[in-house]
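Q: I would like to learn how to read helix packing, sheets and ring pairs in a structure. Can we go through one together?

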Amino acid sequence: MKKTLRILMVCALALGLSLPLSAVSTEIIGAGATFPLPVYTKMFSAYYKEFGIKVNYQGVGSGTGIKQLMQKIIEFGGTDAYMTDKEIAAAPANIVHIPTCLGAVVVTYNLPGNPKLKLSREVLADIFMANITTWDDPAIAKLNPGVKLSKLDILIVHRSDKSGTTKNFTGFLAQIDKEWNDEVGSGKTVEWPAGLGAPKNAGVAGLIQQTPGAIGYVELAYAIESDMPVAMLENKSGNFILPTVKSTSLAILEDIPADTRKYISNTDAPNGYPIAALTWIIIYKEQSYKGRSLEQAKALMDLLWWVTHNGQVHTKAVNYAPLSDDLQEKVEKIL
């Protein structure tokens with residue numbers, strides 16, 4: 001990869017094209033999903049220490065990240081909801097998706113003593129559909145014998161902004177529950193049957209922590225960082241799975257297409273966590289726009305190569321799963 005980029009620079013010089021005097025960009029600008037923000041923070045800090053190049057990434061939500069890339073005010077976007085063919089067609093130029101790691105969308109709650117709970121597919125959908133409204137409901141009690149359940153009312157907390165985390169969570173509910181699919185559906189935003197909204201993963205986690213009886217969904221790293229309980233969820237095989245790096249990694253069984261745009265929730269893997277998700281960095285395939293130089297393009301390519309290769313050592317430390325060998329091969333072909 002690096003050899004190819006060097007050849008491109010030599011060709012550019014041979015054609016008499018002008019290149020910037022600086023040897024390399026000193027800052028790369030990105031924005032988007034909060035789902036991968038903890039791992040990006042760790043990766044980009046390590047990248048700066050190693051190469052002296054600052055990566056300024058703002059966690060503003062997947063929807064805003066896509067919008068800012070479409071407006072060409074950032075160099076790369078971050079999203080957990082891949083862009084559809086229609087969205088890509090509406091963009092100023094072709095956009096490609098670079099998967100960077102896997103994460104788990106977890107269900108977390110605020111109860112007295114924060115007991116470890118199991119939630120079946122049916123019960124999970126009924127809670128967020130507001131069909132189950134108290135924590136001591138018989139359906140929850142049946143799944144958790146011996147657990148003293150609170151009589152508190154259930155308060156649903158969801159994202160208020162356009163969110164890839166929401167897309168993955170509602171997409172899972174739409175797959176497992178007909179009522180949810182027919183009445184709510186899936187998307188970066190939906191019309192929630194009940195509850196309160198909060199911005200970003202951190203906002204949802206914070207509101208749950210402040211509200212006894214609350215339940216909501218966040219990326220695993222946010223729950224662990226805030227010492228919040230996470231539910232064991234029933235997967236397609238009928239097993240109750242705790243979200244971990246290992247169970248998240250096991251979620252990928254089917255082949256990922258060459259463009260890597262695929263949701264991986266509701267896995268067939270017997271021990272796979274059921275709401276696992278890929279997260280992507282999105283960029284323009286043609287990097288020559290708005291006066292961008294070859295050096296700027298090279299700096300971005302070097303960063304993406306590092307994130308998807310050397311940078312993968314930082315994933316597990318913050319509870320994300322690294323890319324598989326197969327995904328790395330697909331990334332290499334895209335880059």
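Q: At what angle do the axes of helix α2 and helix α12 cross?
A: The model is a predicted one. In it, α2 (residues 37-51) and α12 (residues 294-307) have axes that come within 11 Å and cross at roughly 120°.

Q: How is the orientation of α2 and α12 to each other classed?
A: The class follows from the angle: 65 to 115 degrees counts as roughly perpendicular and over 145 as roughly antiparallel. At roughly 120°, α2 and α12 are therefore oblique to each other. The crossing in which α2 passes α12 is right-handed.

Q: Which residues in α2 and α12 meet?
A: On the α2 side they are M43, F44, A46, Y47, E50 and F51, and they meet A299, D302, L303, W306 and V307 in α12. Sorted by class, this contact of α2 with α12 has 9 nonpolar residues, 2 charged residues and no polar ones.

Q: In which sense do strand β6 and strand β8 pair, parallel or antiparallel?
A: Strand β6 (residues 155-159) pairs with strand β8 (residues 214-219) in the parallel sense, over 3 bridges.

Q: How many aromatic pairs does the structure hold?
A: There are 17 aromatic pairs in the structure. To read one, take the distance between ring centres and then the angle between planes. For Y47 and F51 the centres are 4.7 Å apart and the planes stand at 45°, so this pair is tilted. Y47 and F51 are 4 residues apart in helix α2, which means about one helical turn separates them. Both Y47 and F51 are also among the α2 residues that meet α12.

Q: How far apart are the axes of helix α5 and helix α7?
A: The axes of α5 (residues 121-128) and α7 (residues 164-176) are 10 Å apart, and the two helices pack at an angle of about 120°. That angle makes α5 oblique to α7. For handedness, the crossing of α5 and α7 is left-handed.

Q: Which residues in α5 and α7 meet?
A: R121, L124, A125 and F128 in α5 meet F169, F172, L173 and I176 in α7. By class, the contact of α5 with α7 divides into 7 nonpolar residues, 1 charged residue and no polar ones.

Q: What is the order of the open sheet of 3 strands?
A: That sheet has the order β5-β9-β10, with mixed pairing. β5 (118-119) and β10 (240-241) stand at the edges with a single partner strand each, so one side of each has no neighbour in the sheet. β5 pairs with strand β9 (residues 232-234) in the parallel sense over 2 bridges. The bridge partner of L119 in β9 is L233.

Notes:
Residues numbered from 1 in each chain as written. Predicted model: local features only at pLDDT ≥ 70, side-chain atom pairs only at ≥ 80, totals over all residues. Heavy atoms only, no water. Axes fitted to C-alpha atoms, helices over the stretch in contact; angles between N-to-C directions. Parallel < 35°, antiparallel > 145°, perpendicular 65-115°, else oblique. Left-handed = near helix turned anticlockwise from the far one by under 90°. Contact = heavy atoms within 4.5 Å. Nonpolar A, V, L, I, M, F, W, Y, C, P; charged D, E, K, R; others polar. Pairing = 2+ DSSP bridges. Phe/Tyr/Trp six-rings, centres within 6.5 Å; stacked < 30°, edge-to-face > 60°.
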